[in-house]
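Subject: Structure for you, with notes on the domain interface

Hello,

Here is the structure I said I would pass on. My notes on how its parts meet follow below.

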Amino acid sequence: MSVAAVRTVTLTVNGTERTARTEVRTLLSDFLRNALGLTGTHVGCEEGICGSCTVLLEGVPVRACLMLAVQAEGARVETVEGLAQNGELTGLQSAMRDEHGLQCGFCTPGILMSLTAAEREGLSEEETTGQVLAGHRCRCTGYAGIRAAVARRRKESEATP
Ligand code: FES
Ligand code: FES
């Protein structure tokens, strides 16, 4: 009988150090959801296609279903739970709400994380709606509301340099 290899994994998640024991084969997405209780990171395809599981690893968007939790040891991870502060939505979250950028919401956490990284990097509206949204599958919205949210944020940042 084989015994599963187990390791202790420590990450800084949304600014707080979190530690848990997990099997070495555990995906980062499952570790966040099951070991840390952060179920805002959604899991759709588990094949790197849909983008629902996107989190920021050292500020860079990654598919959390395509890496092992042990590979993220010691890293800084941001999930959708870390966006709003003290109940205050980020500008992007507000724009998605106001522009009806979501319906069922399954894809939304991953999209928000990618859009957050794009905004921090100062990507143009065209780069964001082209390259960034191309990495996410949304079955509900037809992307119109999401594009409108990106455009709204662009206008807001131009108005408040
Ligand atoms: S669940 Fe990770 S890309 Fe779909
Ligand atoms: S809002 Fe339902 S999949 Fe995007």
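Contact here means heavy atoms within 4.5 Å. By that rule, 17 residues of domain 1 are in contact with 14 residues of domain 2. Please keep in mind that this is a predicted model.

The domain assignment places domain 1 at residues 6-82 and domain 2 at 91-159. Their C-alpha centres are 22 Å apart.

The size of an interface is often given as the accessible area lost when the parts come together. For domain 1 and domain 2 the buried area is about 1,200 Å², and carbon and sulfur atoms give 59% of that. On the domain 1 side, 35% of the area buried against domain 2 is supplied by His42, Leu56 and Val80, more than by any other three residues.

The rule finds 1 salt bridge across the interface between domain 1 and domain 2. The side chains of Glu78 and Arg120 also meet in a salt bridge, at 2.7 Å from N to O.

As for which elements of domain 1 touch domain 2, strand E3 (54-57) and strand E4 (60-63) are the ones that give two or more residues. Strand E3 gives the most, with 3 residues. By residue type, the side of domain 1 that touches domain 2 has 7 nonpolar, 8 polar and 2 charged residues.

Regards

Terms used:
Residues are numbered from 1 along each chain as its sequence is written. Chains are lettered from A and ligands numbered from 1 in the order in which they are written. This is a predicted model: local features need pLDDT of at least 70, side-chain atom pairs count only at pLDDT 80 or more; totals for chains, interfaces and linings use all residues. Side-chain values use heavy atoms; hydrogens and water are left out. Domain bounds come from an automatic or database domain assignment. Buried area is the accessible area (1.4 Å probe) that two parts lose on being put together, summed over both. A salt bridge is a side-chain nitrogen of Lys or Arg within 4 Å of a carboxyl oxygen of Asp or Glu. Helices (H or I, at least four residues) and strands (E, at least two) are DSSP runs, numbered from the N terminus. Ala, Val, Leu, Ile, Met, Phe, Trp, Tyr, Cys and Pro count as nonpolar, Asp, Glu, Lys and Arg as charged, and the others, Gly among them, as polar.
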